[in-house]
Amino acid sequence: MSRRLNLFILLLSLSSLSAFAQEQLSLQEAITIALQNNYDIKISKNNIDIAKNNATIGNAGMLPNVAASYTNGGSIQNTRQTPVTGEDRVIKGAKSTNNSLGADLNWTIFDGFTMFANYDRLKELQKQGELNSRLTILTTVSDVITAYYDVVRQQQLVIAADSAMDVSVLRTQIAKTKLELGRGSKLDVLTAQVDYNTDTSNYLQTKNALQVAKVRLNQLMVREISTDFTVVNAIGVDGSLVYSQLAEIAEKQNPNVQNAFINQRIASLTLKSIRGARYPAVSLNSGYSRANSTSPTGFNQKFAANGFTYGVTASLNIFNGFLQRQQERNAKIDIDNSLLNLNKTKLDVNAQLLSAYQNYSTYLDLVKLEQKNVDIAKENLDITLAKYRLGSIAPLELREAQRNAIDAQNRFIEMQYQAKLAETTLKEISGNINLTN
């Protein structure tokens, strides 16, 4: 048993030495890497570029359309012409040619203000694309913070499990010493070894959970998922958040609320665009053409023409089977729905914010309570261990004190982590996550 203990301690020492060579990753560095590499963020930025490209006066129909055309062709025919008097005129292989080129311009100068409504709608869609990109960034940063502190949590749990093993090793050594001195029993040694094995199993499982958490964080940062690193060994929780301030910020900055506002404006602009069909549409048109043709069988064997054309076209929809009225009614319903969705979104955000704040307040209180429990359990373990050395208590009492200390430490770590999650959720809902930390 002593050889195995020595070997295990040696392995722990080697792993501790290798840890010094590992990358020390801070939360700021993790966020920066994720903002640069994350695929969702890159896709959202590309979508912004598409929305910017679409938000132009040309796409809204404000600019003229100019089209050029060119044709060139001909024919070879055998013809017979029979005049009223005289002989038939027969031509074999008569070759005719024709070619033309031109350019036409059409410019709608008035369409019932539809083009202006369309342009405003395209600009709102651009804002919506930027907002969706910001939402993606906030979600990604929140995920990185959560994953980072999960690594911190698992790292602390590994340290706690390692400390539990130290106690079990010490207990085993004391039990063996007592047995050698004739003051202990073989049963105490075996029980201590079983408890040590249990603690070793827990330690290995906790280390595995730590590695899995690192893989998740590497995935979010979009880098080699097997990259090993260490993190800070503390979970700092911001205990200064105030619900009223967060609710005020969320009203202005929450991406979902802002998105609902934009959808409401888009619905109003859609109705304005549809109503434009009630007005006349006026277009200017102009063009230039040049044409040449030859026809040995025609009245004119050669023909050539070139020149400009111009004009004004006006049209007005008088009746289209009540489709105009139907489209306007549906657009008004969409406006009502957008307002309902805005109110629903505000209610949902407020409910999420209040629930998260209640969790946040509760976990802050639990952190303080568990901190006291850790101090008490540690003191109790020290006293119990001292008594065990003297032989005044049974091994089971020491094991119970050890379990209480382990449970208290694990609960304290978990409450810190949950408090950090609640804090991050509050900042994400309010749209107030600090992207630099």
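Student: Is Gly-431 buried or exposed?

Tutor: Gly-431 is buried, at a relative accessible area of 5%. Buried means under 20% relative accessible area, exposed over 50%, and partly exposed in between, with a 1.4 Å probe and protein chains only. Keep in mind that this is a predicted model: local features need pLDDT of at least 70, side-chain atom pairs count only at pLDDT 80 or more, and totals for chains, interfaces and linings use all residues. Residues are numbered from 1 along each chain as its sequence is written, and side-chain values use heavy atoms, with hydrogens and water left out.

Student: OK, where does Gly-431 sit?

Tutor: In the segment after α9 (395–429). Helices here are DSSP runs (H or I, at least four residues), numbered from the N terminus.

Student: And what is Gly-431 in contact with, leaving aside its neighbours within four places in sequence?

Tutor: Arg-134, Leu-138 and Gln-253, where contact means heavy atoms within 4.5 Å. Also, Asn-256 is 175 residues from Gly-431 in sequence, yet their C-alpha atoms are 9.5 Å apart in space.

Student: Switching to Asp-188, which helix is that in?

Tutor: Asp-188 belongs to α5, residues 186–221. Its relative accessibility is 23%, so Asp-188 counts as partly exposed.

Student: What does Asp-188 touch, not counting residues up to four places away in sequence?

Tutor: Ala-175 and Pro-395. Asp-188 and Pro-395 are 207 residues apart in sequence, but 6.9 Å apart from C-alpha to C-alpha.

Student: New topic: what are the domains of the chain?

Tutor: Domain 1 covers 25–55 + 113–280 + 322–430, and domain 2 covers 66–72 + 90–110 + 281–315. Those bounds come from an automatic or database domain assignment. The C-alpha centres of domain 1 and domain 2 are 70 Å apart.

Student: How many residues are in contact between domain 1 and domain 2?

Tutor: 4 residues of domain 1 contact 6 of domain 2. The two domains bury about 390 Å² between them, with 71% of that from carbon and sulfur atoms. Buried area is the accessible area (1.4 Å probe) that two parts lose on being put together, summed over both.

Student: Which three residues supply 91% of the area that domain 1 buries against domain 2?

Tutor: Phe-113, Met-115 and Pro-280, more than any other three residues. The side of domain 1 that touches domain 2 has 4 nonpolar residues, no polar and no charged. Ala, Val, Leu, Ile, Met, Phe, Trp, Tyr, Cys and Pro count as nonpolar, Asp, Glu, Lys and Arg as charged, and the others, Gly among them, as polar.

Methods
Helices (H or I, at least four residues) and strands (E, at least two) are DSSP runs, numbered from the N terminus.
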